[in-house]
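Subject: Structure handover

Hello,

I am passing a structure on to you, with notes on what was found in it. Please look through it before reading on.

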Amino acid sequence: MPNLADLSKRLLVGRALRSAQLSETLLPKRIALPVFASDALSSVAYATQEILLVLSLAGTALLHLTWYAAAAVVVVMLTVVASYRQNVHAYPSGGGDYEIANTNLGPGVGLVVASALLVDYVLTVAVSTSAGVANLASAYEVLAGHEVGLTLGIVALIVLMNLRGVRESGTAFAIPTYAFMLGILGMIAWGLIRILLGHDMVAASARYEIRPESGYTSLTTLGILFLGLRAFASGCTALTGVEAISNGVPAFRKPKSKNAATTLALMGGIAVTMFTGVTFLAIHTRVHIAEHTEDLVGFTGEYQKTVIAQIGETVFGTGSLGFYYVQFVTAIILLLAGYMPRQLHNRGDRLVFSNGILLLAAFAGLLIWAFDANPSRLIQLYIVGVFVSFTLSQIGMVRHWTRLLKTETDPKARRKMSRSRLINGFGACLTGTVLVVVLVTKFVYGAWIAIAAMAVLWVTMRGIKRHYDRVANELRVAEGAAEATTLPSRVHAIVLVSKIHKPTLRALAFARAARPSVLEAVTVNVDPEDTKALQEEWDRRELPVPLKVLDSPYREITQPIVNYVRSIRRNSPRDVVAVFIPEYVVGHWWEHLLHNQSALRIKGRLLFEPGVMVTSVPYQLASSAKLEQKADRAERFAPGAIRRGEPARPSGAEEIVSR
């Protein structure tokens with residue numbers, strides 16, 4: 001029943017908000033930070049681990065390169081943050097990378113960025129939730145082996161939280177995000193204190209040697225360089241989510257650009273501090289982790305703990321409160337990093353992009369299922385889209401500042417623009433270099449899937465855009481066009497009739513009130529006896545509209561009506577044919593199954609006929625009236641819970657033309 005479905009939606013999503021209430025959902029910086037930075041901050045939980053996993057392919061021989069890969073990641077992160085601070089000042093409308101690329105590099109490049117961001121959003125949900133479940137399994141090994149089901153269930157929960165809206169979700173996410181920051185920074189601080197006090201902190205996995213993978217036992221200089229670059233590329237997952245703030249500038253309180261830039265700087269500083277601290281502790285405690293457990297010589301368990309779990313266990317002690325706290329908040333922030341109420345363009349009742357949220361969650365769930373909720377396997381698909389959008393947006397920003405400098409004469413403004421262009425130019429060069437590294441080192445390991453998905457999305461969106469452009473051109477009214485003022489020569493109205501009852505009489509009355517040039521009732525003769533009885537009753541009632549009978553020797557209804565309408569149009573091409581179809585409205589879904597759908601078929605055929613207008617004349621039955629009364633009572637019981645004015649669906653038409 002429509003009211004039951006609507007009530008269920010209200011219970012899950014909350015009361016509908018008016019569009020005018022959008023200003024009430026604007027976020028202060030203390031809430032905007034956890035809302036838009038949760039992805040970037042949470043990636044700290046697995047970025048270091050991904051560096052170690054790649055370097056462990058050569059055993060322990062190349063683990064000393066971890067610092068170099070991490071340092072390069074920090075340089076890129078600081079550069080991207082500085083570059084995006086220029087973005088939010090120049091483009092505060094919330095279009096982010098897409099708007100910048102589309103405006104400065106053209107629609108084709110804009111679609112490349114859009115497809116890259118869509119792929120990135122999907123992978124963010126898949127990777128973050130999978131990594132969150134992996135951290136939970138590190139603390140509670142009973143969960144091991146159930147990662148896929150747990151991850152899919154959590155994605156569904158996150159979808160509901162997103163659908164409830166930006167402000168409510170942001171408030172819900174603020175506490176766990178700040179708790180995560182406190183946990184990681186506290187772990188780093190306590191670890192440093194213990195080191196300064198002379199405590200010998202060694203991870204439990206340090207005693208296990210790592211067996212090199214086949215082909216990595218004797219690497220040449222070029223091979224070492226390639227593996228180091230691959231580790232750096234995997235570590236760049238720490239940069240995911242940086243662009244979220246530039247996409248969410250409209251959600252900030254005023255002054256929007258300034259608050260967004262400040263939040264971006266805070267996020268960058270916190271993320272760099274946490275990433276550097278976690279990497280330092282991982283190196284100092286000699287954490288060992290391998291892609292396959294059998295590669296850890298002497299390891300007899302079935303499940304490796306994550307790097308964060310091993311560090312927490314070493315710093316706080318096995319089974320300690322600090323260890324469980326860090327694991328719990330890390331899992332929570334990773335699970336909540338799928339926050340995504342800013343994608344696509346269909347605002348729902350709660351002023352979030354409901355359709356986009358549901359679509360992204362569906363694709364993320366498919367990836368989680370296909371890759372067994374393994375974050376390391378999913379990460380191979382990751383960050384390609386991130387750096388495509390990074391690079392193209394920075395190139396677009398360079399063109400933006402160059403264009404403005406051509407017309408700006410104020411020396412102070414020119415210096416500021418030149419500085420911004422230099423920052424964006426350096427960002428474009430650096431992120432472009434990283435993109436090449438990512439493509440070269442990760443292509444055969446899964447990055448090709450992300451590239452293929454981007455290509456498919458680009459072609460699809462290009463085709464959709466062409467369709468919309470073509471429709472717009474066909475519908476556009478030229479200045480002084482005759483269509484704007486020319487009236488049809490005549491209106492030829494026909495009312496479809498199967499029998500004489502209240503819906504038929506209402507349709508006849510409405511058609512007469514419209515005062516057409518010609519008005520006639522039309523019935524299809526599929527049973528001569530019924531047609532004769534209808535004609536006799538018509539004459540007996542002296543209805544003031546002539547009745548025309550269309551023969552149908554094969555008992556087909558739709559085609560004779562379509563043929564008759566076409567004949568009217570052929571005889572008088574400048575006439576408009578108005579077809580009135582009486583139909584009644586039922587109040588229960590099962591009542592629709594008891595009536596045929598002939599009127600829907602007729603309407604569907606007539607919609608493709610030029611110069612034809614179809615008008616449905618509804619007649620509400622008692623069941624629909626009762627449904628309206630129930631809606632009234634529900635509205636009084638829970639104001640705002642039920643939207644009124646949503647009519648019950650008409651049945652497939654009142655068997656008007658079919659007996």
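Predicted model: local features only at pLDDT ≥ 70, side-chain atom pairs only at ≥ 80, totals over all residues.

Residues are numbered from 1 along each chain as its sequence is written, and side-chain values use heavy atoms, with hydrogens and water left out.

The largest share, 4 residues, comes from H3. Helices (H or I, at least four residues) and strands (E, at least two) are DSSP runs, numbered from the N terminus. By class, the lining holds 11 nonpolar, 9 polar and 9 charged residues. In this count Ala, Val, Leu, Ile, Met, Phe, Trp, Tyr, Cys and Pro are nonpolar, Asp, Glu, Lys and Arg are charged, and the others, Gly among them, are polar.

Surface patch

Phe226, Val436, Val440, Phe443, Val444, Tyr445 and Trp448 make a nonpolar surface patch of about 670 Å². Patches consist of residues with over 30% relative accessible area and no salt bridge; nonpolar side chains (Val, Leu, Ile, Met, Phe, Trp, Tyr) are joined within 5 Å, and like charges within 9 Å. Accessible areas come from the Shrake-Rupley method with a 1.4 Å probe, and for residues only the protein chains shown count as cover.

One member of the patch, Tyr445, lies in the loop between helix H17 (411-442) and helix H18 (447-475). Tyr445 is partly exposed, at 33% relative accessibility. The terms are set as follows: buried is under 20% relative accessible area, exposed is over 50%, and partly exposed is in between (1.4 Å probe, protein chains only).

Salt bridges

The whole structure has 6 salt bridges, each a side-chain nitrogen of Lys or Arg within 4 Å of a carboxyl oxygen of Asp or Glu. Three of them are described here.

Glu313 and Lys305 meet at 2.6 Å, N to O. Glu313 is buried at 13%, while Lys305 is partly exposed at 21%.

Arg490 pairs with Asp575, their closest N and O atoms being 3.1 Å apart. Arg490 lies in the loop between H18 and strand E3 (491-496) and Asp575 in the loop between helix H21 (558-571) and strand E6 (576-585), so the bridge ties together parts that are 85 residues apart in sequence. Arg490 is partly exposed at 38%, and Asp575 is buried at 4%.

Lys603 and Glu583 meet at 3.0 Å, N to O. Lys603 is in helix H23 (residues 598-606) and Glu583 in strand E6, so this pair ties together parts 20 residues apart in sequence. Lys603 is buried at 17%, and Glu583 is buried at 2%.

Backbone

A cis peptide bond, with omega about -5°, joins Lys254 and Pro255. Pro255 lies in the loop between helix H10 (244-247) and helix H11 (256-284).

Arg286 is not a glycine but has a positive phi, near 60°. Arg286 sits in the loop between H11 and strand E2 (296-297) and is partly exposed at 45%. Glu542 also has a positive phi, near 55°. Glu542 is in the loop between helix H20 (528-541) and strand E5 (547-551) and is exposed at 66%.

Two pairs

Val438, in helix H17, is buried at 0%.

Leu505, in helix H19 (residues 502-513), is partly exposed at 35%. Leu505 and Leu543 are 38 residues apart in sequence and 9.2 Å apart in space, C-alpha to C-alpha.

Regards
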